[in-house]
Every structure is written in C-alpha cells, then in structure tokens.
Amino acid sequence: MLLDSYMDAGVLVAADLVNRMVIRPEPGADTAVLREVLAVDPPSAAQLAPGHVPGFAALARELHAVFGELGGGDEDAAADRLNRLLAAHPAHPHLAKEDGRWRLHHHPADASLVPMWTSICAEALARLLGGGHADRAGSCADDRCGRVFVDTSRNGSRRFCSTTCQNRVKTAALRRRRAAVDD
Ligand SMILES: [Zn+2]
C-alpha cells in the first residue's frame with residue numbers, strides 16, 4: 001500500500017469493511033467479500049486467506065463503533081478508540097523498489113494483513129478527526145439502509161451512501177407529494 005495514497009484507500013476500506021461485514025454481512029461469503037474490499041491493493045487481496053476473516057471482522061466492529069461515535073458527535077470516544085487501535089498496530093513505513101524506483105509504503109509488502117489494515121484504516125480516520133473533518137464521517141439518511149460513508153464532496157453536503165439510496169428516497173418523497181395532491 002503506497003503511503004501517498006493510503007488515506008483515500010484507508011477511508012474507503014474502513015467504510016467498506018463496516019458496510020459489508022457489520023451492516024450488511026453476507027454469511028459464508030466473508031473471504032470473497034474481503035477480497036473485493038481489499039481489491040484497492042492487489043497484493044493484499046492476493047495474500048488474503050480464510051484465516052484472516054476473524055481479524056477483519058473484529059476490525060470492522062471497531063471501525064463501526066468509530067463511525068457511530070463520529071456520527072453521534074462523540075469525538076472524544078472516537079479518538080480514544082482510534083488511539084487504542086493505533087497503539088496496538090503502529091504504521092511501519094518501508095521503502096520498496098518497484099520498476100527501478102523507490103516507493104514509500106505504509107508497511108512492508110509481506111506485513112501481516114490484519115495489523116497492516118488496522119493501522120491504515122485507523123490512521124485514515126484519525127487524520128480525518130485530527131484535521132477537523134470528523135463531520136465528514138456519516139451514515140445514510142435512509143434509515144432502512146444505514147450504510148456508512150466518508151463525504152469527500154467539496155461542500156460536504158452528502159447525505160446518502162449512494163445515488164441508489166438518494167434516488168429511492170427522492171422517488172418515494174415525490175410519490176407521497178403526488179398522493180397528497182390527489183387527495
Ligand atoms: Zn444508503
């Protein structure tokens with residue numbers, strides 16, 4: 001995982017882990033789901049084995065709690081939890097030569113997957129919080145969905161996890177307004 005791209009990847013993977021392992025789990029498909037989540041970093045996806053599932057499930061539960069704390073405005077609790085994760089799994093910057101040039105990675109390529117991704121995800125969310133952007137961590141405004149996201153839009157006005165949810169809620173609201181007019 002390249003250090004200069006890990007923040008986006010960390011945020012993306014953190015939200016994916018929460019959504020796909022806690023909020024909308026697919027029992028029996030954990031390894032396949034994790035391989036899709038880790039596809040942002042092909043060496044990680046290639047290294048993934050069924051034995052990693054419990055560790056990622058535990059990480060997903062911790063990250064779910066962080067999103068809940070940030071969404072509920074409890075920055076102190078989120079910071080405590082992130083500090084615990086960061087202390088247990090510190091980053092391990094490492095230069096690796098690729099195609100004749102040195103690149104700085106967050107961890108060595110053969111680092112253990114779960115500690116590495118715990119570190120990457122926790123650091124990405126810690127940067128969000130430390131940068132004064134805790135309010136960018138949100139959950140879908142459609143209560144029936146509840147998926148989490150990190151709002152990277154310029155004006156920070158995102159309310160839904162996806163355009164699918166946004167369109168579904170808009171269509172339902174439109175239908176209600178039409179029904180009210182017809183009454
Ligand atoms: Zn949604």
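Leu95, Trp102 and Leu104 form a nonpolar patch on the surface, with about 320 Å² of accessible area together. Patch members have over 30% relative accessible area and no salt bridge, and nonpolar side chains are joined within 5 Å. Areas come from the Shrake-Rupley method with a 1.4 Å probe. A salt bridge is a side-chain nitrogen of Lys or Arg within 4 Å of a carboxyl oxygen of Asp or Glu. Trp102 is found in strand 2 (residues 101–105).

This is a predicted model: local features need pLDDT of at least 70, and side-chain atom pairs count only at pLDDT 80 or more, while totals for chains, interfaces and linings use all residues. Residues are numbered from 1 along each chain, and side-chain values use heavy atoms, without hydrogens and water.

| Donor residue | Atom and distance |
|---|---|
| Cys140 | SG, 2.3 Å |
| Cys145 | SG, 2.3 Å |
| Cys161 | SG, 2.3 Å |
| Cys165 | SG, 2.3 Å |

The arrangement is tetrahedral because the 4 donor atoms subtend angles of 103 to 119°; the cut-off is all angles between 85 and 135 degrees. The donor spacing in sequence is C-x4-C-x15-C-x3-C. Cys140 and Cys161 are both buried, meaning under 20% relative accessible area (1.4 Å probe, protein chains only).

The largest nonpolar core has 42 residues. A core joins buried Ala, Val, Leu, Ile, Met, Phe, Trp, Tyr and Cys residues through side-chain atoms within 4.5 Å. Leu17, Phe56, Phe67 and Trp117 have the most contacts inside the largest core. Helix 6 gives the largest share, 11 residues. Helices are DSSP runs (H or I) of at least four residues, strands (E) of at least two. Another core, of 6 residues, lies apart and includes Cys145, Phe149, Cys161 and Cys165.

Key: Donors = N, O, S within 2.8 Å, 3.2 Å for Na, K, Ca; no water. Tetrahedral: all angles 85-135°; square planar, octahedral: opposite > 155°, others 65-115°. Buried < 20%, exposed > 50% of the residue type's maximum accessible area, 1.4 Å probe, protein only. Patch = residues over 30% accessible without salt bridge, like charges linked within 9 Å, V, L, I, M, F, W, Y side chains within 5 Å.
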